[in-house]
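Two protein chains meet in the model below. Look at where they touch, then read on.

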Number of protein chains: 2
Amino acid sequence: MPGYSHILLAVDFSASAEAVAGKALQLSQAFAAKLSLIHVVEFVPVDLSNELVLPQAPEMDQELLQLAEQRLKELATRLGIKECPCTVVQGNTRREILRVAEENGVDLIVLGSHGRQGIQLLLGSTANAVLHGAPCDVLAVRVKD
Amino acid sequence: MPGYSHILLAVDFSASAEAVAGKALQLSQAFAAKLSLIHVVEFVPVDLSNELVLPQAPEMDQELLQLAEQRLKELATRLGIKECPCTVVQGNTRREILRVAEENGVDLIVLGSHGRQGIQLLLGSTANAVLHGAPCDVLAVRVKD
């Protein structure tokens, strides 16, 4: 019976990112699976017809991506993950996680799940969104807010 | 770093129940964790003021529960799980899974996730419902419909 061969850890840089990463690492070790990290820098939709909203400078986008890449590598180092493929992409979090998972033959996505209550429950979470339409298994690691 | 010590497998007796159970078994072996099985027989709400709807006979409820218990034990045997605690309860699926998980110190719930599309996506799934308010990690195993 096959276990997991390629685990994709979605990192959100919240206070619990390290705990979630720890779980992904344990699973990758238990199944001798490849572990990849992804962080998605969300687009902020800008209405260019609205003069009150300043579109973000392109160089700021680039800086955000570079900063995220650096933080992702630092996280991997802290966890003792060597030669771990780190992907930083810009776009819609759910869509990018699913795209990267599909393109790389990922069989398990690991991400943090925040305990939403009340109105937040209606707004949904990333874990929830990823669950819909995921091409593979999804492990939602419960984290404390 | 702690792994998992008690895994709760939610069984729905769909065509893919065995594949989902296989994943839960693998995880329990990888982490030397206790494995428990649960199946929830959903209540069908009956409007007693509506003369067109016949309330279900109590003995039928009992038969359903016994049948589910038997099927759950058969599944455990087929998977080679010995002395596996099997719980069959009647009620709301999400609520009962979360209650049993909480009461038994479960740290991982494993259940099947059907690839819902279109209108079904709006209606949500059990995996989705369980994710909300789960006291622990949730592994949604992707199954083909």
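## Polar contacts and salt bridges

Between chain A and chain B, 13 residue pairs are in polar contact, both residues at pLDDT 80 or more. A polar contact is a pair of N or O atoms within 3.5 Å; within protein, one must be able to donate a hydrogen and the other to accept it, and residues adjacent in sequence count only if both atoms are side-chain atoms.

The interface also holds 2 salt bridges by the rule (a side-chain nitrogen of Lys or Arg within 4 Å of a carboxyl oxygen of Asp or Glu). K23(B) forms a salt bridge with D137(A). Their closest N and O atoms are 2.8 Å apart.

## About the model

This is a predicted model: local features need pLDDT of at least 70, side-chain atom pairs count only at pLDDT 80 or more, and totals for chains, interfaces and linings use all residues. Residues are numbered from 1 along each chain as its sequence is written, chains are lettered from A and ligands numbered from 1 in the order in which they are written, and side-chain values use heavy atoms, with hydrogens and water left out.

## Contacts and buried area

On chain A, 27 residues are in contact (heavy atoms within 4.5 Å) with 27 residues of chain B. The area buried between the chains is about 2,500 Å². Buried area is the accessible area (1.4 Å probe) that two parts lose on being put together, summed over both. Carbon and sulfur atoms give 56% of it. In chain A, L131(A), H132(A) and R142(A) lose the most area to chain B, together 24% of what that side buries.

## Strand pairing

β5(A) and β5(B), each residues 137–143, are strands (DSSP E runs of at least two residues, numbered from the N terminus). They pair in the antiparallel sense over 3 bridges; pairing needs at least two DSSP bridges. V138(A) stands opposite A140(B).

Conventions
Helices (H or I, at least four residues) and strands (E, at least two) are DSSP runs, numbered from the N terminus.
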